[in-house]
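Hi,

Here is the structure I said I would pass on. Have a look, and my notes follow below.

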Amino acid sequence: MIVFIDESGLSERPCRVRTWAPKGQTPVLQYSFSWKQMSVIAGVSFWRFYFRLYNGSIRTPQVIEFLKVLHRTIGKKMLIIWDRLTAHRSRLVREHVEAQRGCIALEFLPAYAPEMNPVECVWGYLKHHAMPNYCARDLGDLALRASRNLRSMQRRPTLVRAFWQQAELF
């Protein structure tokens, strides 16, 4: 099974998009900003996508944990295609993949080619369609809202296939 993987960051600062307001009244977004952030990692197959939220940045241990959960969930041989993030190329990830004895194969996208990764479409949809202008009270609120929206997106197979079509794979 082919699975594209990518990571993204989320913060309390809303992703701003155009919106409607009564004539002459500029919409105002009020939020309290802190430097705390959370990250989300997702894998997209042709039929479904999988995700996990993490506090802080995604590093090698989180990548390995996600690969373990993904392998248990899918239960088939996987071809993982991802970018050249340092955590993806780490020795620990390589050792983990080798320990799987051929159940996981890795390929890397060309440098500077996010348009080839369908997971980038997941992030775009999440930030600009599912959660635009959303002002979270705190990271817990942000995690709950992001998780709900991602689960809702998971239940829409036509949307997942559209992510593949949007990516410039062919």
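Arg 52 and Glu 65 form a salt bridge, with 3.0 Å between their closest N and O atoms; the term here means a side-chain nitrogen of Lys or Arg within 4 Å of a carboxyl oxygen of Asp or Glu. Arg 52 sits in strand E3 (residues 49-55) and Glu 65 in helix H1 (residues 60-74), so this pair ties together parts 13 residues apart in sequence. Helices (H or I, at least four residues) and strands (E, at least two) are DSSP runs, numbered from the N terminus. Arg 52 is partly exposed at 30% relative accessibility, and Glu 65 is partly exposed too, at 32%. For burial, under 20% relative accessible area is buried, over 50% exposed, and partly exposed lies in between (1.4 Å probe, protein chains only).

Bear in mind that this is a predicted model: local features need pLDDT of at least 70, side-chain atom pairs count only at pLDDT 80 or more, and totals for chains, interfaces and linings use all residues. Residues are numbered from 1 along each chain as its sequence is written, and side-chain values use heavy atoms, leaving out hydrogens and water.

The salt bridge count comes to two. In the other entry, Glu 95 pairs with Arg 91, again with closest N and O atoms 3.0 Å apart. Both lie in helix H2 (residues 91-99), four residues apart, or about one turn of the helix.

As for the whole protein chain, it has five helices and five strands, in the order β-β-β-α-β-α-β-α-α-α. Of its 170 residues, 41% are buried.

Cheers
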